[in-house]
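Thanks for coming. I will talk through some side-chain contacts, starting with a question once the picture is up.

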Number of protein chains: 2
Amino acid sequence: LEALLISSDPSPRLSYTTNHPEPCAVPGEVVVRVSLAGICATDLEIVRGYMGFLGVPGHEFVGVVETESSPLAGQRVVSEINCPCGTCDMCGRGWGGHCRRRTVLGIAGRDGAFAARLLIPEANCHVVPDEVPDEQAVFTELLAAAVQVIKLEPLERGSRVAVLGAGRLGRLVALVLAQTDCHVDVIVRSERAEAWCAKHGLSAVVVDGRRADPTYDVVVECTGVMKGLERAMQMCRPRGTIILKSTYADPPTIDLAPLVINELRVLGNRCGPFADALALLKAGKIPLDEMVAATFPLRDGVEAFKAAAAPGAMKVLLRPGAP
Amino acid sequence: LEALLISSDPSPRLSYTTNHPEPCAVPGEVVVRVSLAGICATDLEIVRGYMGFLGVPGHEFVGVVETESSPLAGQRVVSEINCPCGTCDMCGRGWGGHCRRRTVLGIAGRDGAFAARLLIPEANCHVVPDEVPDEQAVFTELLAAAVQVIKLEPLERGSRVAVLGAGRLGRLVALVLAQTDCHVDVIVRSERAEAWCAKHGLSAVVVDGRRADPTYDVVVECTGVMKGLERAMQMCRPRGTIILKSTYADPPTIDLAPLVINELRVLGNRCGPFADALALLKAGKIPLDEMVAATFPLRDGVEAFKAAAAPGAMKVLLRPGAP
């Protein structure tokens, strides 16, 4: 099987292979042929050792179910990434994403999508509407994470919201928030990001290094760097809310005192609802032009990872070869 | 005027004086003669340079109003510490404690209570009920901060709550939570703290260095050390709440990823309602025996600060001499 592989061998940590074992369907799971997959920031961290993951990385993808015995056979699907046990206290609450014994596609305990085929729980699959091409469907997981910003806890009507970071996730968060009645400012540093905001009718605020006024009701931190949380604390009004999307790879060395002094609420926020994401894509509400930097064949995956790691890179996609 | 004084001179930063200028009443403010004052962790930080404060420190106290023209003249009072401008957007919300231009007794822009007398806004005063002696009333500010844990956002009925840190604030937080229908565990490290919990009918859980089970709905972080936040993240269930009371003096170097992965809510939480605190004291609901380490005359204030800085020290009180 064609696949990218993370090994315990430090050089190379990431390599391309054509003889990874084929996945075999087990009860409740289906084999999916990958049509298109996306590299995300977490994948870059995983190659650097985050989570101690070994195997096939990749969790953003769209593909076709091959398992003939499944009612989904032949269907084009995307898949939630958390595979829950179904029996622990978190599963009992209906929070499979927080299952105590979960495996996670390409992140923990289970091969991911940077391969010609992978095995996923049938219950994780969402059928992709015909109106949504692969090139958009591959953004479902990331868009769902953006939707989670308004799903985990409702934002107050008319809130003034700042989105910190105009990268891949930050842009999707801004587009999702633009569907609400919140007033949204995207905090940008580059002219490219400013132009993107203008094109999509979003208010851009250019950061110029000065201390920002602490006037936002909500700040969504999507920078991926620890300085972002510090900046979020500076921009958020007393008793405001910071929604934290970034998992920092390095331990932060920032002063958390403003969090206590200003009685801020920091809400960790992770994966989100696929059904909502697909509905937004189907409705054509989320313009994804300019979101893709490049598409590589899977065999050039190592090179693709380098492209994805470039500062400010938009989404890099991977396409497996003919089966 | 007899007072302790923080000067810009590094040695000594803190000194005792008998010729600090007398406070003069201005409209809306009253002169209060200090009967008893308490040293808190913030005072220790302030002596080390936190907030860049110069002048008379001290914000926990009980005293008697001396200003004859005030309706409070002769009354025994405690005082809220934040002195708001009354006109900014935060004051407009009724959040004087978060006033954009506030001064804070003994912390920012205004002399505090480690003196024979100080000036405070009349509106900040709360009359102390006769049933509450000075030795209890001096805990009002700290107890109000503990009450704020259940005031800022209501806890869900029947929540499993862990109080991390069984110091002065942690013990008051535990006693306040014991008045609710939450199940409260106090996480303790010393036999002394364990015995205190047993005496007051509180459940103590002895930490033994192992990773705690992440099963608490709410963790209140009162340790004052940055490791406490890390431990809180380990003990809190997914989508649980961490209430942060500690303002860490040093920047933390901890991994915040669990906050995002587990979609935790971290709520900064600071000052609290004096009326509630006084009502609890009046009702005799908050046993304060064992909470006082020692009472020093104000002239021995420098020595008192050393006693207050001892590891695990309970409250150190200061009593000004005869006027």
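Does B:Arg33 count as buried, exposed or partly exposed, and at what relative accessibility? B:Arg33 counts as partly exposed, at 29% relative accessibility. Buried here means under 20% relative accessible area and exposed over 50%, with partly exposed in between (1.4 Å probe, protein chains only).

This is a predicted model, where local features need pLDDT of at least 70, side-chain atom pairs count only at pLDDT 80 or more, and totals for chains, interfaces and linings use all residues. Residues are numbered from 1 along each chain as its sequence is written, chains are lettered from A and ligands numbered from 1 in the order in which they are written, and side-chain values use heavy atoms, without hydrogens and water.

B:Arg33 makes a salt bridge with B:Glu66, with 3.1 Å between the closest N and O atoms. A salt bridge is a side-chain nitrogen of Lys or Arg within 4 Å of a carboxyl oxygen of Asp or Glu. B:Glu66 is partly exposed as well, at 31%. Over all chains there are 38 salt bridges. In chain A, a network of them links A:Glu22, A:Arg33, A:Glu66 and A:Arg117.

B:Arg157 bridges to B:Asp181 at 3.3 Å. B:Arg157 is exposed, at 73%, while B:Asp181 is partly exposed, at 38%.

Last, a charge over a ring, meaning NZ of Lys or CZ of Arg within 6 Å of the ring centre and within 35 degrees of the ring normal. A:Arg160 lies over the face of A:Tyr216, 4.5 Å from the ring centre. B:Arg160 sits over the ring of B:Tyr216, at 4.6 Å.
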